[in-house]
Amino acid sequence: MANKNNGLSLILARYALVVFFVLLLCSWIGFRLVDNTVLHAEEWNLKADSILNKTVPVYPVRGDILSCDGSVLATNVTTYTLRIDYRTDGFSMEKFNNALDSLCDSLAVHFPIRDRENWRSYLVEETKKEKSQRRQRLFLRDISYAQYKLVRTFPFFKIPNCNVTGLCKDTQTKRLYPYGEMARRSIGRTNHPEGRLVGFSGLEYALDSMLTGKPGLARRIPLTRNIVPIPETPPINGATVITTIDVEMQDIVENELNDMLRWSQAQWGTAILMDVATGDIKAISNLERSKHDTTYVESMNHAVARVEPGSVVKLVGMIIALEDGFAGNLERTIVTERGGFRYHGGKAIRDTHFAPSGSLPIYRLLQYSSNIGMTKLIAPHYENDPDAYRRRVEQLGLFDRFNTGIASEIPAYYPKLKKQSGAAIELSRMIYGYRTQIAPLYTCALYNAVANDGRFVRPRLVKGLRNSEGVDSMIPVSYVRDRICSEENARILRSMLRRVITEKGGTATGLKRDPEIVELAGKTGTAVIARERPRWTHEDSVAGRVVPFVPGYNEGHYRLAFVGFFPYDKPKYTCMVLIADPKPGIRSAQYTSGATVRAIAEKLHSRGLLDNHSDYREYVPEDRRKSPEVYATTSGDRIQQLGRDLGFKDYTNFAPPRRVKFGVPDVTGLGVREAVRILEEAGYPAAVRGQGYVSAQSPSAASTVPKGTAVTLILAE
C-alpha cells in the first residue's frame, strides 16, 4: 500500500511540474503579448511599417549592342537552373522510380552531357544523399525557356503538380554575345554584382550608364502567403547602342590577323579598319598568344594602348614641313649619309634603305623611310626651341581625346623638351618614331585624314542610340580638326605614300601586284621594343632588394607596323596592322603587317565591299587574260561535269599524273585533297606547304622509300 501511495505521489509531482512549466510559458506568452501589443505597440507598428513600406530597386533591362546592319553583338538572355527537391512533402518516389528509365532516355537524347546509364546513376545517387545536405539537388544548369518547357514534357516531370515531382527552377539574366570572341575587347564584357549586369570593359564599360538605364522602385506588399514587391516607379530600360562594326569586315580582319600571327609566331597583334569619310571603325581586332597553347585569343585592347610608333610617324613631320612651308621645292635633294649621321653629337642615325646616289629628293624621303633625311629636313627649324615641335604636333589634334566609345583610350604622348643639352637629340629621335608614344588608333586616324583630303574626321565606334521606345538618335560625323593640311598637300602626301609601294627603293614594294586590282598607298614602320622595367614586388621591398634595370632596347625584338588606305584613286578605307615581337629572323613590316593589309583589301574587294563587283575581266587587260586553270584529276567525272552540267568551256586542264606501279605515287598537278588521299592510301603521310595545286613533291614519284615516310607537297597557284 505504501508503494502504491509513493507511485501516485511521484506521478502527481510530475504533473505538477509539467503544469508549472506550462503556466510559466503561458505567463511569458501573455507578458510578451501585452508588451508587444500595449506597452511597446508603437515601436512594433513603426517597425512593421518600415518593412512593409520599404522600397526596393527594380533593375531595368540592359540595352543591346548592335552592329551597323542591326546584327546583335550583345544582348540579354534569361536562363533557367533546374533542381529537384526529393524531400518535398508530396514527392512520389514510387512514380519517380517507375518513370526513371524513360526519363533517362529523354535526357540522353536532348541533354547529351551524360548518356542514358550515367543519367540513371546520377539521379539514383542524388536520391540517396544524406538528409543533412541541402534539399534541392542540381539537375540542369543554364538552359533556355524552350528547353525548360521541353523538360516539363518528359516522363514524370509532365505531372502538373510540382509538389509531386519536386522540380524547382531559378532564373538568371545573362549577357549573350552571339559572335563569341569577335571584337571582344571593343564590345566589352559585363559582370554581375548584386544580381545586375554592370560593364567592366569595352563599350559595355564606356557606355554603361546608357546601356543600364534608370532603376525603378517597388513597394513590398503583404499577401496571404508572401510579401511581394509591387512597382511604384517603373524602370527605364537601357538604350540600345548601334555600333559602326560591320560583322563581315570584322570576320575578314580577325581571320587575316590571326593567320599572320600564327605564321610569324608573334606575341600579339592589332588591326583597325576605318571608313575614310565618316571615321567609322568597321573592324577592330586585338589578338594575343594564349598562355596555354599556340592559339591566339582576344587580349587587352592594344589598339588604344600607346607604343613607340616607329617610322609610320614620319608622316607627322612631313605634314608639318609641307604646311609650314619649309619643305620648299620637293625636288630639292638631301644628302643621306650612308655611314651614319650624328646630329648634335648624338648616337649615329642610320638608314636601312639606302639611296643609290647617296641623296634623296624630299618627295622620296617617305618612300625610302630615311631617318637621316627626315631629321635634316625638320630638326634645324626647331633647334632654338625644341619643344616648339611638340606644340606644333599638338595643333594637329593628336593630343586630343577622340571619345570613340572605346574604354581606356589614351591620346598621343610627346615629352616636353627644355632648352638644354640633349634636347636637340631627343627631338631628332621623335621625328623618326622614338621617344614618343602613340596608340595605333591615333596613327590610323592621322593617315585617314590624309586619305580624306586633309579633314581629320573623328574615329567612332558608336553610330547611334535607340531608346526604350524604339526611337533612333544617330550621332553625326564630327572632326578632331576641320583640316590638318590643305587638299593640295594631302594629294602630295598620298602620292608620296603611293611611291612606298609602287617605285623602286620603296620599303613596301613587295606589296605591289601586277595587275593591280586594289591599289594601296601606305607606310611601313619598324621599331625595336624598349626594355620594360621589372616589377618591384612586396617581397623585394621586405628583403631590401633593388631590382636592376638598364634602360635601352631589346635588340632582335621588333614591332612591325603598316598603315595605309585603299583604293588609292578614291580612298574608301584606312587600315593599320601592328604585329609585336615575331619569331627571330622576321623583321619585315611589308611581309607581315603590310601583307595583312593587302590581304584584307583583296578580301573586301572579292566580296564586293569596295563598291565594286568582282569580275576579274574588269581589271585585267584583254591581251593578258588567261583562261581559268582546273587542277588535274585521276577521274574524268569532274571534267565532264564542267562541260555537261555547268556549260564551262573556256578553261585550261592540267594533264593527270602518270601512273606509278611501285614506290611513292605521282600526285603533281592534283588538288591538295586528292593528292593527300592518294598518298595516305598508299601508306605515305603528307606535309603541305603553300596553296593551290601540287607543283612538286619530295621524295619524287616512284621513289622506293619505306612506307610511313612523309611526302612534302609544294603547292602553287
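A: First a cut-off: buried means under 20% relative accessible area, exposed means over 50%, and partly exposed is in between. At 1% relative accessibility, R598 therefore counts as buried. Keep in mind that this is a predicted model.

Q: What does R598 form a salt bridge with?
A: With E602, and the closest N and O atoms are 3.7 Å apart. E602 has 34% relative accessibility, so E602 counts as partly exposed.

Q: Where do E602 and R598 lie?
A: Both are in helix α19, residues 590-606, and they are four residues apart, about one turn of the helix.

Q: Why does that spacing matter for residues three or four places apart?
A: An α-helix has 3.6 residues a turn, so residues at that spacing point the same way.

Q: What about R491, which residue is its salt-bridge partner?
A: E488, with the closest N and O atoms 2.4 Å apart. R491 and E488 are three residues apart in helix α17, residues 487-502. R491 counts as partly exposed because its relative accessibility is 42%. E488 is at 42% and counts as partly exposed too.

Q: Are R460 and D280 buried or exposed?
A: Both are buried.

Q: How many salt bridges does the count come to?
A: The count is 33. Some are linked: D101, D105, R116, E117 and R120 form a network of salt bridges.

Q: New topic, α4. How many residues does it have, and how far does it reach?
A: Helix α4 covers residues 116-127, which is 12 residues, and reaches 17 Å from its first C-alpha to its last. That is close to the 16 Å expected at 1.5 Å a residue.

Q: Which residues in α4 are buried?
A: W119, Y122, L123 and E126. Seen down the axis of α4, the buried residues fall within an arc of 90°, so they line one face of the helix.

Q: What covers them?
A: The cover for the buried residues of α4 includes β3 (72-85), α3 (93-110) and β4 (136-143).

Q: Now S285. Where is it, and what does it touch?
A: S285 is in strand β12, residues 281-289. Leaving out residues up to four places away in sequence, S285 touches Q250, V253, E254, L257, G269, T270, A271 and E298. Its relative accessibility is 0%, so S285 counts as buried.

Q: Which residues make the nonpolar surface patch?
A: L8, I11, L12 and Y15 make a patch of about 430 Å². L12 is in helix α1, residues 2-39.

Q: Last bit, the whole chain. How many helices and strands?
A: The chain has 21 helices and 27 strands. Of its 717 residues, 45% count as buried. The accessible surface of the chain is about 38000 Å², and 52% of that belongs to carbon and sulfur atoms.

Q: What share of the contacts with a separation of 6 or more comes from residues 24 or more positions apart?
A: In this chain, 68%.

Notes. Residues are numbered from 1 along each chain as its sequence is written. This is a predicted model: local features need pLDDT of at least 70, side-chain atom pairs count only at pLDDT 80 or more; totals for chains, interfaces and linings use all residues. Side-chain values use heavy atoms; hydrogens and water are left out. Patches are made of residues with over 30% relative accessible area and no salt bridge: like charges are joined within 9 Å, nonpolar side chains (Val, Leu, Ile, Met, Phe, Trp, Tyr) within 5 Å. Accessible areas come from the Shrake-Rupley method with a 1.4 Å probe; for residues, only the protein chains shown count as cover. A salt bridge is a side-chain nitrogen of Lys or Arg within 4 Å of a carboxyl oxygen of Asp or Glu. Helices (H or I, at least four residues) and strands (E, at least two) are DSSP runs, numbered from the N terminus. The expected span of a helix is 1.5 Å times one less than its number of residues. Buried means under 20% relative accessible area, exposed over 50%, partly exposed in between (1.4 Å probe, protein chains only). The arc is that of the directions from the helix axis to the C-beta atoms. Contact means heavy atoms within 4.5 Å.
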